[in-house]
Amino acid sequence: MSGEIISFTTVEYPDEKSMQQAREIFQQEMGKLADKLRPLGMTRFHSSRLFLPEDRIIIGNWLEYRDMTAYEACEKVWQETTSEFSEKYGHLFEGVTVTPHRGVVMDDYS
């Protein structure tokens, strides 16, 4: 295995309006967060609108970290940021389901 760590989190919104409101905030805030994470070992960070299943509104956030040490350092920043976001934007997450997944890259076919 490569040692590279991935983090894929799905965020399911109750409706299109709540997703758009959250995206507006994220577009303002995530660039600043990425600037903090890159020096700690984050190598990739993107969000995607998932289109299956068609009747649900789901965003997937994909992050890659150089190794477990980088992941652990970045996770501390994520924890701090999550607390700050909850205080400032908690109202945007009513009815939202967040499901985190973590893993180590086994094979890379890119």
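How many residues line the largest pocket, and which of them lie nearest its centre? The lining comes to 29 residues, with Val-11, Phe-26, Met-30, Asn-61 and Trp-78 lying nearest the centre. A word on the ground rules before going further. The model is a predicted one, where local features need pLDDT of at least 70 and side-chain atom pairs count only at pLDDT 80 or more, while totals for chains, interfaces and linings use all residues. Residues are numbered from 1 along each chain as its sequence is written, and side-chain values use heavy atoms, with hydrogens and water left out.

Back to the pocket. A pocket here is an open set of points on a 1 Å grid over the protein atoms alone, with protein on both sides within 12 Å along at least five of seven lines; a 1.4 Å probe fits at the points, and lining residues have an atom within 4 Å of a point. The largest pocket holds about 820 Å³ of space, a volume being the space filled by probe spheres set on the points, which are joined across faces, edges and corners. Two or more lining residues come from each of E1, H1, E2, E3, H2 and E4. These labels stand for DSSP runs numbered from the N terminus, helices being H or I with at least four residues and strands E with at least two.

Four strands make up an open sheet in the order E2-E3-E1-E4, with antiparallel pairing; two strands pair if DSSP finds at least two bridges between them. In general, strands of a sheet pair through backbone hydrogen bonds, either parallel or antiparallel. The edges belong to strand E2 (42-50) and strand E4 (97-104), each of which pairs on one side only. On average, neighbouring strands of this sheet are turned by 15° against each other, direction ignored. Such angles are taken between N-to-C directions and run from 0 to 180 degrees, with axes as lines fitted to C-alpha atoms, for helices over the stretch in contact.

Strand by strand, E1 (residues 5-13) is joined to E4 by eight antiparallel bridges, and Glu-12 stands opposite Thr-97 in E4. E1 also pairs with E3, again in the antiparallel sense, over nine bridges; there, Tyr-13 stands opposite Ile-57 of E3. E2 and E3 are linked by eight bridges and run antiparallel, forming a hairpin with six residues between them. In that pairing, Met-42 faces Tyr-65 in E3, and Leu-50 has Ile-58 as its bridge partner. E3 is mostly covered, with eight of its nine residues buried, where buried means under 20% relative accessible area, exposed over 50%, and partly exposed in between (1.4 Å probe, protein chains only).

Thr-10 lies in strand E1 and is buried, with a relative accessible area of 18%. Leaving aside neighbours within four places in sequence, Thr-10 is in contact (heavy atoms within 4.5 Å) with residues including Leu-50, Ile-58, Gly-60, Thr-97 and His-101.

Next come the nonpolar cores, each a set of buried Ala, Val, Leu, Ile, Met, Phe, Trp, Tyr and Cys residues joined through side-chain atoms within 4.5 Å. In the largest, which has 17 residues, Leu-33, Leu-37, Met-42, Leu-63, Tyr-65 and Trp-78 touch the most other members. H1, E3 and H2 each supply at least two residues of this core, and H2 gives the most, with seven. Leu-63 touches, beyond four places in sequence, Ile-5, Ile-6, Ser-7, Leu-37, Met-42, Arg-44, Phe-45 and Trp-78. Apart from this core lies another, of seven residues, among them Val-11, Ala-22, Ile-59 and Val-96.

Thr-81 has its place in helix H2 and is buried, at 8% relative accessible area. The C-alpha atoms of Ala-73 and Leu-52, 21 residues apart along the chain, are separated by 33 Å.
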